[in-house]
Structure formats: structure tokens, C-alpha cells
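Here is a briefing for a first look at this structure. Please view the sequence and the model before reading on.

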Amino acid sequence: MTETVVSTSKSQPAAAVSVQETSVPPPPAPSPGRRAAGRLRALDGLRLVAALMVAVYHYAGRGGYVTEAWGTTPKHQFPTLHQFAAYGCLGVQVFFVISGFVICMSGWGRPLKSFFASRASRLMPAYWVAVVLVTAVFALPPVVYEAVSPSDALLNLTLLQQPLGADRVLGVCWTLWVEIRFYALFALCVVLPGANRRRVIMFCAGWTLAAALAQAAHQPLLDLVVMPEYAAFFIGGIGLYLVHRDRRDAYAWGIVLVSFLIGQHYAVIDLWNASDPDAFAHRTTTGIVGVVAFGFVAVAAIALGWLNWANWRWLTVAGALTYPFYLVHEHLGWVVIRVLHRTLELPASVTFALTITAMLLLAWLMNRFVEKPMTPWLRGVLSRKL
């Protein structure tokens, strides 16, 4: 979820690049089984859609701290919207499918050190600033939300607060811990020995089996490593990248199909609550499966080139805003909602729209003044010889 991406033909190493990096070389003529090179701007747009899904969920699809921001439950503020907003949390699963696609592309033909430098330089600069910014805002006297302790705030800068049991500064950072474990598995099993089709297929098959065994074994360490509840989404994205390289690859399609079937199962187990009378909003099995299917189908459409017509430059900008927006929108959104709705007494619909706009503007500022200068610098530092 953290980079702008380019597609590659099967004969050309793939790489994920940020907006400020060099452009893609002219592609070779495509064949029926191969995709032509070019920036996948539709994937950038889908990333922003997934981030907005999560934001809508946090502002209108759940209770908790956001209720203090609105003054009443979002169910009261948005009698109809809240029923649909409750499905927005599945934007995370859509992110994971996209991440599987992008990380496979990023690691193909890239040495381990370069892969590590790319991942760290894309994740950390915006994350560090988001942690400092949210900690500072929550420490202000007018802000009613409790800040984490100074010690836990410092630990959050390592991105290891969750396994070490510390309080989180950013509520959404749990997904980054999931992503980091995926990066580690992919780096050790695919990037380190060298990515090729056979090795990627074996990785997908092995991870799928390991996740199933972990679920059956009920061993916390196995769950921590192979992440059975999320593995299928990453694996499905990897399979879709293989489809992108060759749409006639039967093994790739098999990986995608099995991953969807497993992924929707875990999503339903985790999120179905139609029988819970105390649920904030009732999610149905059909709705959950439908949103998961949307994520797989949307990435498949991009992989097959069906959305190549969506080649507008503003989608690249949208993709660049996604990660910083995702980091800051929840906690700082509470503050903005409280000021606009309870202090300035703006209508809920206006507050909702202005909060989304304010978070996108903040994301643009973070991208412009943090990510653009710091990402290439940090990548260069980490790419130097040991």
C-alpha cells in the first residue's frame, strides 16, 4: 500500500518506484500472453479507493472514540450511510491483495539489499512523521483524547510496538505489522534466492498449506509467523501478478481462485455480525463476500490490462497520497470532526466531507515535504555497501 507501481513484461525485471523516480523504458511489443510495460495508474487509484473505504468506516461505520468526536453515535449522524460504512473495514483486505501484487513485482529481479532499502524507505519517513504529529496533537490541552506514554511513543518509532505489547500511537499501524511480516516471508523465500515463476508458485503453495496447518494446530507462534487470517489476500495478489505476466498461466489462476475462497472464509468469520443484537451495524455474509470479491476482481482487471484506459496522471498523485492519508486520517480525523461539528456546529455531512478533504491535504503536505525528499535519501543510505 505504499508505492506507485509500474508493470513489466515477462522478460524485464519488475520494480516498484516512487513518483519522483525515473520513468519506465519503452516496452517491447506485447504478445497475447504478456502484458506491455507502463505505469499501472489504475492500481494507484484503487489504493486510494481502499484508503477511503477505511476512512469512511472510521468516521461513520463504527463506534468508539469517534462517537466522542461527533457527540453522538455515527449511527445517529448517518442513519443510512452507517450500514454501508460498516463494510469499509474490508478496505484493509483490498490493500493486502494490492500489496501482494506490488511486492511480488517490486522483488522480481531485485537483490535482497535493494528490496530492503526500497521497503524501509517507503514505509518509514511518513510513518515517523505521523507518529510524531499525532503524539504532539494529542498532547495539546484542548484535545480530549488520551495520548500514549512518552516511552510507548518512542517505541512506536520502531514499528515494533505491537509485538512488544506497547500502546499504539496510530490505530491503523497494526496493518503495518502484518505487512512487515509478509515482507520478511517474501524476502527470505523469494527475493533472497532469486525470484522466478516456479519459486513464486512454490512459495504461494507452501504458505497456503502452512497457514492451513497453523489454523489447525492452534499454535500462537505459527499464527504469528504465517498469519492464516491474512495470508490468502497477499497470496492472491501474488497470483494476480503472475497473471499479469502471463494471463494463460493456469497455476497463477489456481492460486488466485484458492486464495479468494480462503480469504472470503476468514473475512466472514472475522466480520460477520448479523446475529449480534449489540452490533453497531450488521454486516451480512453476502456483503462481506461481495467486498472481498470486489478487491480480487478489481486487481484482476488491472492485471489483465482491462483498465489500461484509466491512465490519467492525477491517479499517480492519488496513489502517492494514499499511504500518508491512511496513517493520519483516523486519530487526527477525530480532532477535526470535533472542532468542525461540535465547536463550529457544522452539519454532519459537511463535517464529514471537510474532514476527508483536510486529511487529503495533510497527506499531500506529507508527501511533498517528507516523502519526496526523505525516501530517496533513506534509500540511498540503506543501499550503500556494509
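Thr 316 counts as buried because its relative accessibility is 8%; buried means under 20% relative accessible area, exposed over 50%, and partly exposed in between, with a 1.4 Å probe and protein chains only. The model is predicted: local features need pLDDT of at least 70, side-chain atom pairs count only at pLDDT 80 or more, and totals for chains, interfaces and linings use all residues. Residues are numbered from 1 along each chain as its sequence is written, and side-chain values use heavy atoms, with hydrogens and water left out.

**Thr 316 and its contact**

- Thr 316 lies in helix H14 (residues 313-343); helices are DSSP runs of H or I with at least four residues, numbered from the N terminus.
- The side chain of Thr 316 makes a polar contact of 2.8 Å with that of Arg 41.
- A polar contact is a pair of N or O atoms within 3.5 Å; within protein, one must be able to donate a hydrogen and the other to accept it, and residues adjacent in sequence count only if both atoms are side-chain atoms.

**Salt bridges**

- The structure holds three salt bridges, each a side-chain nitrogen of Lys or Arg within 4 Å of a carboxyl oxygen of Asp or Glu.
- Asp 44 and Arg 47 form one of them, at 3.6 Å from N to O. They are three residues apart in helix H1 (residues 41-60), so about one helical turn separates them. Both Asp 44 and Arg 47 are buried.
- Glu 371 bridges to Arg 122, with the closest N and O atoms 3.9 Å apart. Glu 371 is in helix H15 and Arg 122 in helix H6 (residues 112-138), so the pair ties together parts 249 residues apart in sequence. Glu 371 is buried at 1% relative accessible area, and Arg 122 is buried at 7%.
- Asp 249 bridges to Arg 197, with the closest N and O atoms 2.7 Å apart. Asp 249 lies in the loop between H11 and helix H12 (250-271) and Arg 197 in helix H9, so the pair ties together parts 52 residues apart in sequence. Asp 249 is buried at 5%, whereas Arg 197 is partly exposed at 33%.

**Aromatic rings**

- The whole structure has 27 aromatic pairs. Rings of Phe, Tyr and Trp (its six-membered ring) pair if their centres lie within 6.5 Å; planes under 30 degrees apart count as stacked, over 60 as edge-to-face and the rest as tilted.
- Phe 101 and Tyr 241 pair edge-to-face, at 5.5 Å centre to centre and 85 degrees between the planes. Phe 101 is in helix H5 (residues 91-107) and Tyr 241 in helix H11 (residues 228-245), so the pair ties together parts 140 residues apart in sequence. Both Phe 101 and Tyr 241 are buried.
- Phe 203 and Trp 207 make a tilted pair, because their centres are 5.5 Å apart and their planes at 45 degrees. Both Phe 203 and Trp 207 are buried.
- One aromatic cluster includes Phe 203, Trp 207 and Tyr 183.

**Positive phi in two loops**

- Leu 159 is not a glycine, yet its phi is positive, near 70 degrees. Leu 159 sits in the loop between helix H7 (150-156) and helix H8 (173-191), and is buried at 3% relative accessibility.
- Met 227, also not a glycine, has a positive phi of about 50 degrees. Met 227 sits in the loop between helix H10 (220-226) and H11, and is buried at 1% relative accessibility.
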